[in-house]
Amino acid sequence: MNRYFLISFFTLLSILSSASANETTVTPEKLHISSLREYMASNRFFDRIRPVTSEDSVEATVHASRSEAQGHYNWIKREYPLYTSLPYLAYYSTLFAGGVLTSRYHQSITNYFNNSSPAVHIAGLSIFSAGLGVTMVTVAPFLMNTYYGIFAPTLPERNLVLDYGAKKHFLDERTQHYIEDELFYSFWRSPSSEALNRLQKILDKALRLPFYSKELTFNEDKIDNALQFYPPGVAEQLKQFAYSELIYQQTDRTLHDSHYPVYFYGEPGTGKTFAAKQLAEAMGTNLAVVTLDGATIDDIVGTPFESIDAKAGRILDALVARTSSSQDINHHNQILLIDEFDRLFLSGNEKTKDVLSFMLKLLDPANRSFYNPYLKTDIRLPDTIILAGNQDIHELSAQDAELKAIASRLDKVTFPGFDREAKRKIVDNVMIPAKVKLYQSGGGPLSHFTLPARGHEMIMEFIDEDQDPGLRSLEKYVAKVFEQFVRGVAPRSKITSH
């Protein structure tokens with residue numbers, strides 16, 4: 001009997017040694033995380049997260065949804081060890097019941113074996129050895145499952161799971177399908193650094209998409225102050241435009257089909273972009289800026305992530321530009337500024353024509369969304385759109401019936417530029433204070449720097465001779481004057497980098 005016991009013992013030892021050898025390159029925690037990911041994928045983890053709403057605010061709803069996702073995430077980390085422990089529990093329950101019966105009838109069992117042949121002894125010993133072997137083999141994984149059920153490891157992508165769970169139900173079904181089936185579940189089944197990188201980059205854009213309408217107001221005092229340097233007629237047009245946009249946003253947009261953009265026309269530096277920024281700030285929203293100069297269709301709408309030159313697209317990048325992370329909450333009713341729009345009317349190449357054709361369809365009030373291949377979803381444009389250019393597109397489109405029909409529907413705000421008096425006020429109230437603040441922020445010998453009287457005189461002399469209706473040449477000259485006097489305050493030999 002001792003010989004058979006030794007054979008069984010060494011057989012079991014070889015099995016355990018083999019199992020240990022196979023796990024030398026992978027830690028138990030990594031094995032557990034890999035199995036947990038597979039379990040979450042096969043059980044479609046994100047289907048468990050139900051919609052949560054809060055009457056307080058959209059921020060409260062996002063917070064509540066994140067808590068919902070957190071609860072399911074914490075539970076499934078413990079559910080998996082419990083689920084995989086069920087076969088072991090069944091085995092140990094059977095073993096325990098067998099032990100109880102053996103203890104109760106041990107005398108009868110002993111008598112049976114004493115009166116049995118050697119073959120029965122061998123069979124009994126083999127069964128006992130096999131049971132002992134199974135018990136020894138299963139103890140380690142059972143204890144490991146128990147340990148991870150209590151001290152569950154954190155998935156490296158935990159924050160991605162919770163960020164998505166918090167905003168899952170704000171995204172359309174197509175985007176949900178893409179993120180879950182093609183990104184999360186695919187990554188969990190075949191983890192790799194490449195798949196994780198893809199997941200992170202896609203979520204960074206998708207979770208920063210606008211998904212609610214922010215309540216906007218118009219601060220008249222603020223806009224009056226911001227537009228004080230513009231000619232009265234231009235300032236009044238801009239104020240009226242802002243009022244009209246706020247009224248439109250309070251209406252049922254499904255009943256309207258004539259809400260076209262406005263066109264800001266003027267030479268470079270005449271304040272078109274500045275006016276758009278001030279309008280957005282006064283209305284309490286963001287300004288999203290898209291520049292069409294040199295753009296192709298792929299630049300505008302984006303390309304698939306799998307492509308060699310993958311890009312999210314200029315429009316998508318503009319709409320999420322004011323958010324810094326996937327936890328930020330973005331809103332639909334921004335102001336979209338499409339700059340250099342007139343260049344589409346001037347170039348005759350096919351790429352520009354394609355962009356123009358796309359933009360004309362996109363600007364139709366009945367078609368304010370487009371398919372973005374990077375996120376595989378439709379992107380909705382803001383209701384308030386400003387087009388800007390240096391030339392009058394109403395004149396440029398005179399020879400093209402289709403373009404003329406579009407241009408005729410656009411209200412136009414002409415920016416004639418700034419007269420000498422307006423430039424003096426801008427210099428005194430905006431440019432010089434901004435430059436002084438900038439240089440003083442450097443500390444050291446510049447901490448108390450102010451522009452000398454001679455510098456101010458030089459700028460005023462330039463304004464008297466400047467023929468540029470815009471501010472570009474003036475901005476450059478102001479910078480040049482400051483650089484000249486800064487060198488006298490802080491010689492290069494005394495300036496050190498920190």
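Colleague: As I understand the term, a residue is buried under 20% relative accessible area, exposed over 50% and partly exposed in between, with a 1.4 Å probe and protein chains only. Is E340 buried or exposed?

Modeller: E340 is buried, with a relative accessible area of 18%. Before going on, please keep in mind that this is a predicted model, in which local features need pLDDT of at least 70 and side-chain atom pairs count only at pLDDT 80 or more, while totals for chains, interfaces and linings use all residues. Residues are numbered from 1 along each chain as its sequence is written, and side-chain values use heavy atoms, with hydrogens and water left out.

Colleague: Where is E340 found?

Modeller: E340 sits in the loop between β3 and α14; the helices (H or I, at least four residues) and strands (E, at least two) are DSSP runs, numbered from the N terminus. The backbone of E340 has a positive phi of about 60 degrees, although the residue is not a glycine. Most residues other than glycine have a negative phi.

Colleague: And what is the phi of K376?

Modeller: K376 also has a positive phi, near 55 degrees, in a residue other than glycine. K376 lies in the loop between β4 and β5 (377-380), and at 22% relative accessibility it counts as partly exposed.

Colleague: Changing topic to the sheet, what is the order of its five strands?

Modeller: The open sheet runs β2-β3-β6-β1-β7, with parallel pairing, where two strands pair if DSSP finds at least two bridges between them. At the edges are β2 (287-291) and β7 (411-415), each of which pairs on one side only. From one strand to the next the twist averages 20 degrees, with axes taken as lines fitted to C-alpha atoms (for helices over the stretch in contact) and angles running from 0 to 180 degrees between N-to-C directions.

Colleague: How many bridges pair β1 with β6?

Modeller: Strand β1 (residues 262-266) and strand β6 (residues 384-389) pair in the parallel sense over four bridges. Y263 stands opposite L387 in β6, and Y265 has G389 of β6 as its bridge partner. Strand β3 (residues 335-339) also pairs with β6 in the parallel sense over four bridges, and there L387 is the bridge partner of I338.

Colleague: How many of the residues of β6 are buried?

Modeller: Six of its six residues are buried, so to speak a mostly covered strand. T384, I386 and A388 point one way from β6, while I385, L387 and G389 point the other way.

Colleague: On to charges, what does the count of salt bridges come to?

Modeller: The count comes to 24 salt bridges, each being a side-chain nitrogen of Lys or Arg within 4 Å of a carboxyl oxygen of Asp or Glu. One of them joins the side chains of E157 and R37 at 2.8 Å, N to O. E157 lies in the loop between α5 (118-150) and α6 (158-167) and R37 in helix α2 (residues 28-42), so this pair ties together parts that are 120 residues apart in sequence. Both E157 and R37 are buried.

Colleague: What about D163 and R66, how far apart are the closest N and O atoms?

Modeller: In the salt bridge between D163 and R66, the closest N and O atoms are 2.5 Å apart. This pair links distant parts of the chain, with D163 in helix α6 and R66 in helix α3 (residues 58-104), 97 residues apart. D163 counts as buried at 7% relative accessibility, whereas R66 is partly exposed at 21%.

Colleague: Which residues are linked with R44 in a network of salt bridges?

Modeller: The network links R44, D47 and D181. The side chains of R44 and D47 meet at 3.0 Å, N to O; R44 is partly exposed, with a relative accessible area of 31%, and D47 is partly exposed at 36%.

Colleague: Last topic, which residues of α15 are buried?

Modeller: The buried residues of α15 are T352, V355, L356, F358, M359, L360 and L362. They pack against α12 (297-301), α13 (314-319), β3, α14 (343-346), β4 (369-372) and α17 (401-407), where contact means heavy atoms within 4.5 Å. Helix α15 (residues 350-362) has 13 residues and reaches 18 Å from its first C-alpha to its last, close to the 18 Å expected at 1.5 Å a residue, the expected span being 1.5 Å times one less than the number of residues.
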